Every structure is written in C-alpha cells, then in structure tokens.
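Subject: Handing over the structure

Hi,

Here is the structure I promised to pass on.

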Amino acid sequence: MAPAARALAAAAATLLAPALALAQAAPAVPTASASTAGIDIAAATSTRAMGSGNAPVVVEEYASYSCPHCAHFEETMLPRLKADFITTGQVRFIFHDTPTNRVGYLAHMATRCLPVASYNDARSLLFSTQNQWLGAKDPEAGLKEMMGMAGLPGPAYDACVASKPLQDYVATSSQEATDAKIEVTPTLIIRKGGKEVDRIAGPNDYDKLAAALVKAGAKAPKK
C-alpha cells in the first residue's frame, strides 16, 4: 500500500471507530429485561428521515453528534436544504447513526429513545448546544442533562443507553458506515433510483450541494 493510501486508511480508522469497540464502550447491560424496559425497540430502530418517500432523489447523511463539522452543517446548510428541496418533495433526507466516540454513541442511542416525532427537535438541540454538553467537565453527564431537556428524563435515559438491542443497532449502523467507506463526518451520499450517483464528504458549499441534487434529478428551487 502506498504511503498516501496508508495515511488515508489510518485517518479513516481513527475517525470511525469499529462498531465492536463502540459496543464494548457502552454501559454494561444489567439484565435483558431491564435493558428493554419501557423502550419500543421497533420504533427506536426505525428509519429517521425527512421528506417524501416518493422524492426523486435520496440523500443519506452519515453524521455524529460529537462532530463539530456535523453541527455546522446542521445549523447552516440543512435549513436551506430543507426549504429548497425537502419540503418541496424533491429530496428525502435519511439520517444514519455514525458515532465517532463513546459520548457520541450514547447520544445516538438517546435520541432514538424519544418519540419519533421528537427526534428532529432533539437532534437540533444536541447540535446547537454541542459545545455546552460536549465541552462539560463530564460530557456524559452533560449529555444526560441535555436529553432531559429534550424530554428524556434520567431513568428513561439510563434504561435507553443500557438497552442491548439499541446498542447493537447503533453499533451495526457504525459498521455499515465503515463498509460504505465513509471516511469523514458528515458525508452525504446522493442516490437516484437506489443507486449512488454522487457523494460529498465534509459538505461546506451549499451551491455545490444544490447543483449535485439538481444533476441527480431534483427540481431546482424557484428563485
């Protein structure tokens, strides 16, 4: 392997920790019954997305709650994307859990334990307050407190992050990102008819993203 290729592989390995390591980093599961107490696993592991299921273009986002660049995308580019393409029925936007460290792993589980209708608000809250909870002396305690504000009280949070099925789900999602050769977060995969037609790693230019969506088959927003 060439030196450049080795460096890229090493960077990817550092960024996206193997799913097994993330699973092992999760809190110990007291008992099988306690790990699923009060949690609707089917709902918690259902697809999280915005936009019409009949949209001509699908965008799959691989992001981590503990990733500053992901927070920047959420706050600066996603609102425009939603207004121009998602609410107009041109793009379906699918979220993939791609934790890059332990606290991010916990955050991905915690947001999935809220009602599906509350997911987007909780997601926005975690990204907009990322510096607050992630920069706390104890980031995990900061996350737990923030999730309480999002509607997941302490006991429910504890049961959520101790849920073995949910731990496995997020770990599998992380592994799928590795299998998809996701090397940075956020990464957007653009699909048309189920086929990948483009991908943008670390999106930071909205006009470039919009042009890629139009090229894939979405109608350009009206001026």
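This is a predicted model: local features need pLDDT of at least 70, side-chain atom pairs count only at pLDDT 80 or more; totals for chains, interfaces and linings use all residues.

Residues are numbered from 1 along each chain as its sequence is written, and side-chain values use heavy atoms, with hydrogens and water left out.

**Overall make-up**

The protein chain has 13 helices and five strands; these are DSSP runs numbered from the N terminus, with helices being H or I over at least four residues and strands being E over at least two. Of its 223 residues, 43% count as buried (buried is under 20% relative accessible area, exposed over 50%, partly exposed in between, with a 1.4 Å probe and protein chains only). Among contacts with a separation of 6 or more, 78% come from residues 24 or more positions apart, a contact being heavy atoms within 4.5 Å.

The five strands make an open sheet in the order 1-3-2-4-5, with mixed pairing (two strands pair if DSSP finds at least two bridges between them). At its edges are strand 1 (48–50) and strand 5 (195–201), each pairing on one side only. From one strand to the next, the twist averages 25°; axes here are lines fitted to C-alpha atoms, for helices over the stretch in contact, and angles run from 0 to 180 degrees between N-to-C directions.

Helix 6 (residues 78–86) packs on this sheet and touches strand 1 and strand 3. The direction of helix 6 makes about 145° with that of strand 3.

Strand 5 pairs with strand 4 (residues 187–192) in the antiparallel sense, over six bridges. If you want a spot to look at, find I189, which stands opposite R199 in strand 5.

**The aromatic rings**

There are four aromatic pairs in the structure. Rings of Phe, Tyr and Trp (its six-membered ring) pair if their centres lie within 6.5 Å; planes under 30 degrees apart are stacked, over 60 edge-to-face, and the rest tilted.

One of the pairs is F73 with F93, which is stacked at 6.4 Å centre to centre and 15° between the planes. F73 sits in helix 5 (residues 68–76) and F93 in strand 3 (residues 91–97), so this pair ties together parts 20 residues apart in sequence. F93 also pairs with F95, this time edge-to-face, with 5.3 Å between centres and 70° between the planes. F73 and F93 are both buried, and F95 is buried too.

**The cysteines**

The structure has one disulfide, meaning a pair of cysteine sulfur atoms within 2.5 Å. C113 is joined to C160, S to S 2.1 Å, and the link is right-handed, with 90° about the S-S bond. C113 lies in the loop between helix 7 (102–112) and helix 8 (119–128) while C160 is in helix 11 (residues 154–161), so the link ties together parts 47 residues apart in sequence.

C160 is buried at 0% relative accessible area. C67 counts as buried at 6%, and C70 is buried at 1%.

Cheers
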